[in-house]
Amino acid sequence: MTVSDWCYTAFIASGLLIDHFVIWPAFLRRSERDQSSARRWLWGAWMSLLWTLVIAGIALWLSHERAWRTLGLTAPGGWPLWASVILVAGFTLLQVRTAAKIARRPGLKPKLRAQLGKLSLALPHSPDELRWFVAASLTAGFCEEFLFRGYLIWAFEPFLGWWGAAALSLSGFAAAHAYQGREGVIKSGLVGAVLTLLVALSGSLIPAIVLHALVDILSGVIAWLILRDEPAQVGLPRGA
């Protein structure tokens with residue numbers, strides 16, 4: 001770890017704080033006027049923030065002429081590759097089956113909307129919003145894996161060991177989803193744990209990047225199937 005690495009780690013932390021204390025509150029204020037416009041603004045802000053953090057990290061990595069393999073940006077091979085493919089394919093199949101079930105049984109939607117609760121405010125309601133959400137999901141898949149399962153584990157491994165660094169990074173990943181409430185933090189932590197195990201199993205970030213993007217995209221599709229018939233709202237719903 002060089003001085004520039006410590007500065008970059010602080011830059012990542014500041015980005016997470018900006019997300020929690022600036023971007024999310026600004027989104028809620030915008031939602032009071034126009035929820036659809038606010039959602040597109042939120043996803044755009046998230047993408048801008050994540051790519052800013054990652055581009056800075058790539059520039060730092062290149063400036064030190066470090067090998068990308070050290071960061072996990074290399075394709076797995078042998079049985080880790082096939083194990084990763086099976087895991088990703090299995091998850092995708094489960095999510096596709098869930099989406100198909102919702103599409104076939106519209107009577108489930110009121111109950112599922114209630115389960116989404118206030119989080120539905122940040123989920124896609126229309127085809128245009130779904131396209132924005134897919135772009136944000138692809139961004140999160142690469143950028144968050146680069147930051148949390150890539151750089152931060154690499155940075156803290158000399159001090160904490162690989163698993164200790166992974167645990168610290170996982171805590172940061174879960175905390176970054178605090179806007180979802182306690183239940184959302186727990187769910188994000190569980191997803192992050194699966195992604196961490198996938199990196200440990202494969203020795204590569206690539207399967208985790210693919211799985212992370214699919215988790216977000218398919219979750220967005222499922223949310224859209226649940227919310228697409230909901231009447232458009234200009235301001236925040238009562239009690240939000």
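Which residues does Trp41 touch, not counting residues up to four places away in sequence? In this predicted model, Trp41 touches Ile23, Ala26, Phe27 and Arg30 once residues up to four places away in sequence are left out of the count.

## Trp41 in helix 2

Trp41 lies in helix 2, which covers residues 35–63. With a relative accessibility of 27%, Trp41 counts as partly exposed, because that category takes in values between the 20% under which a residue is buried and the 50% over which it is exposed. The C-alpha atom of Trp41 is separated by 13 Å from that of Val22, a residue 19 places away along the chain.

## Overall architecture

The secondary structure of the protein consists of eight helices and zero strands, and along the sequence this gives the pattern α-α-α-α-α-α-α-α. The radius of gyration is 19 Å, close to the 18 Å that the globule rule gives for 240 residues, so the protein is as compact as a globular protein of that length.

The C-alpha trace spans about 55 × 40 × 30 Å along its principal axes, and 42% of the 240 residues count as buried. Of the contacts between residues at least 6 apart in sequence, 78% join residues at least 24 apart.

## Helix 1 against helix 6

Two packed helices are described by the angle between their axes and the distance between the axes. For helix 1 (residues 3–31) and helix 6 (residues 127–175), the axes come within 12 Å and cross at roughly 135°. That angle makes helix 1 oblique to helix 6, and the crossing in which helix 1 passes helix 6 is left-handed.

On the helix 1 side, the residues that meet helix 6 are Asp5, Trp6, Tyr8, Thr9, Ile12 and Leu16, while helix 6 contributes Phe146, Leu147, Phe148, Tyr151, Leu152, Trp154, Phe156 and Phe159. Sorted by class, the contact of helix 1 with helix 6 has 12 nonpolar residues, one polar residue and one charged residue.

## Helix 5 against helix 8

The axes of helix 5 (residues 109–116) and helix 8 come within 9 Å and cross at roughly 125°; the two helices are therefore oblique to each other. The crossing of helix 5 and helix 8 is left-handed.

In this pair, Lys109, Leu112, Arg113 and Leu116 of helix 5 meet Leu225, Ile226 and Leu227 of helix 8. By class, the contact of helix 5 with helix 8 has five nonpolar, no polar and two charged residues.

## His212 in helix 8

Helix 8, which covers residues 206–227, also holds His212. His212 has a relative accessible area of 2% and is therefore buried. Leaving aside residues up to four places away in sequence, His212 touches Ala140, Gly141, Glu144, Glu145, Arg149, Phe173 and Leu195.

Where is Glu65 found? Glu65 is found in the loop between helix 2 and helix 3, the latter covering residues 68–71. With a relative accessible area of 74%, Glu65 is exposed.

The backbone of Glu65 also deserves a comment. Most residues other than glycine have a negative phi, whereas phi of Glu65 is near 55°, a positive value in a residue other than glycine.

Note on methods:
Residues numbered from 1 in each chain as written. Predicted model: local features only at pLDDT ≥ 70, side-chain atom pairs only at ≥ 80, totals over all residues. Heavy atoms only, no water. Axes fitted to C-alpha atoms, helices over the stretch in contact; angles between N-to-C directions. Helix = DSSP H or I, 4+ residues; strand = E, 2+ residues; numbered from the N terminus. Parallel < 35°, antiparallel > 145°, perpendicular 65-115°, else oblique. Left-handed = near helix turned anticlockwise from the far one by under 90°. Contact = heavy atoms within 4.5 Å. Nonpolar A, V, L, I, M, F, W, Y, C, P; charged D, E, K, R; others polar. Buried < 20%, exposed > 50% of the residue type's maximum accessible area, 1.4 Å probe, protein only. Rg over C-alpha atoms; globule rule 2.2 N^0.38 Å.
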